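Take a look at the model below. We will walk through a few of its parts, one at a time.

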Amino acid sequence: MKHFFQLQEYTLGNILHLFQKYSLFFLGLFLCSSIYAQNDSIAIIKLLEKEGLTWRMGDKEAHADCWRERPYSRILVSTADGRTIDVPTKTIIDPPSEMLGKGGFAFHTNHKMRIDKNIAWVAHDEVLVGTDGKETLSNEVRFLEKFDGDWKLVGQSNHFYNHPPENKIDTTSYIQTVDIETGRIETVLTINNHFEAPNWHPDNYLIVNSKGKLYTLDLETKDLQQLDTDFADQSNNDHGISPDNQWLAISHNDVNDPSPKAYKSAIYVLSIEGGKPRRVTSEVMSFWHGWSPDGKRLAYCAERNGNYDVYSISVDGGKEKRLTTAEGLDDGPDYSPDGKYIYYNSYKSGHMQIWRMNTNGKKQEQLTFDENSNWFPHPSPDGKWIVYIAYTSDQKQNHLFGKQVKLRLMNVETKDIKDITPVFFGGQGTINVPSWSPDSKKLAFVSYSVN
């Protein structure tokens, strides 16, 4: 019995010794395995995002690169009215050009996936929002394989269903960002209410408005909090952050103003942390749009004597300076970061286009000449780019909500222009104000659906 216990102690001692010796090794293997699995999961989700976006952007080559045809590839679709469609894989990999580029956004939720070495399947829910703002709902299962280290789709099954009547709502707002280099579009927050006009603060949060109130949206936690604006509870979507990031300009409907005008928007300034606003413009209607790089002046659109023009004023108030005088609407003024120009949109040519001028109103120059109605130009913080919203049909002097729009990017040096989003359902509220990330790499915007 004595020898038995000695042997047992020796065996347990060896086991403990071996465990201590190799525990870090096995822990390392486990952590490496977890990291690889996490990296694969992220890569797969990014691939699904890219596949949907390239289809809606009409990028045939980039979309085809998301797929590989295999002998067992198959695409099955069941429709909400009970039909089943067996779609040839070739139709998805090499579709007729007229099938692509229809616009809209697809929003994925509830990802569930199984990854086994070089094979994976993913189940998720999808809300597809068309350019008319209507939602199409589906449950999807996607099948993937890894080729030379890259995941590719090899098949899928889509099951469409009708929107439950009890879940119908008026408006859903999708607060999103777009990377101007990669084109990747991320959804920060989906909320069943009407939100507008994100500003991007360097402390990694957005400022947005909804129904007269201002809110902060933390980009990491997705926490949405109302910002204290004291009496200013009728603020619209014309608001923005000062160059030193310490102040916020807002446009508030002052119902107590003695003006007989039906809408009495005036410009105010308050602490970025919130508090009681200080009025800057004495006259209504005035709608803020830009802050000079030195923080001393504000640029805005104002209606005076029945005409809307661009004005500027000291941040301390006083006499305003009229910068445009043409008949028709001049709107959306925003300063270049070097303080040399004000970019704005104007109807002076008989069609809404992007213009720029010196900050004193001199040397007005037209920059766009296309069939779109172009609005709200915003220079990037590094001064290299101008982003603006383009209505895809002639809207005359209107910038209404619920229209087909897209975001476009102009190279300041070459004047080359490209689309950075598909056509989507938006307009008023999408990008009224400066929404660049501080590093000039991304933009925040809002798209919508209505039911």
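Start with an open sheet of four strands, in the order 17-18-19-20, where the pairing is antiparallel. Strand 17 (286-291) and strand 20 (321-322) stand at the edges, and each has a single partner strand, so one side of each is left without a neighbour in the sheet. Two terms need a meaning here. Strands (E, at least two residues) and helices (H or I, at least four residues) are DSSP runs, numbered from the N terminus. Two strands pair if DSSP finds at least two bridges between them.

This is a predicted model, in which local features need pLDDT of at least 70, side-chain atom pairs count only at pLDDT 80 or more, and totals for chains, interfaces and linings use all residues. Residues are numbered from 1 along each chain as its sequence is written, and side-chain values use heavy atoms, with hydrogens and water left out.

Five bridges link strand 17 to strand 18 (residues 297-304), in the antiparallel sense.

Now move along the chain to strand 22. How many of its six residues are buried? Six of the six are, so strand 22 is largely enclosed by the rest of the structure. Buried means under 20% relative accessible area, exposed means over 50%, and partly exposed lies in between (1.4 Å probe, protein chains only). In a regular strand the side chains alternate between the two faces of the sheet. In strand 22, both faces are covered. Tyr341, Tyr343 and Asn345 are buried on one side, and Ile342, Tyr344 and Ser346 are buried on the other.

Which strands flank this one? Strand 21 (residues 330-335) runs antiparallel to strand 22, and four bridges join them. Aspartate 334 has tyrosine 343 of strand 22 as its bridge partner. The hairpin of these two strands has five residues between them, and glycine 339 takes a positive phi near 75° there. Strand 22 also pairs with strand 23 (residues 353-358), again antiparallel, over six bridges. Here tyrosine 343 stands opposite arginine 356. This second hairpin has six residues between its strands, and glycine 350 takes a positive phi near 90°.

Zoom in on one residue of strand 22 (residues 341-346): asparagine 345. Its relative accessible area is 0%, so it is buried. Its side chain reaches the backbone nitrogen of phenylalanine 376 at 3.2 Å.

Next, a loop. Threonine 79 sits between strand 1 (75-78) and strand 2 (84-87). Buried or exposed? Threonine 79 is buried, at 16% relative accessible area. A polar contact of 2.3 Å joins its side chain to that of aspartate 81. Such a contact is a pair of N or O atoms within 3.5 Å; within protein, one must be able to donate a hydrogen and the other to accept it, and residues adjacent in sequence count only if both atoms are side-chain atoms. Histidine 159 is 80 residues away along the chain, yet its C-alpha atom is 6.3 Å from that of threonine 79.

Last, the cysteines. Cysteine 66 is buried, at 1%, and cysteine 301 is buried, at 2%. The structure holds zero disulfides (pairs of cysteine sulfur atoms within 2.5 Å).
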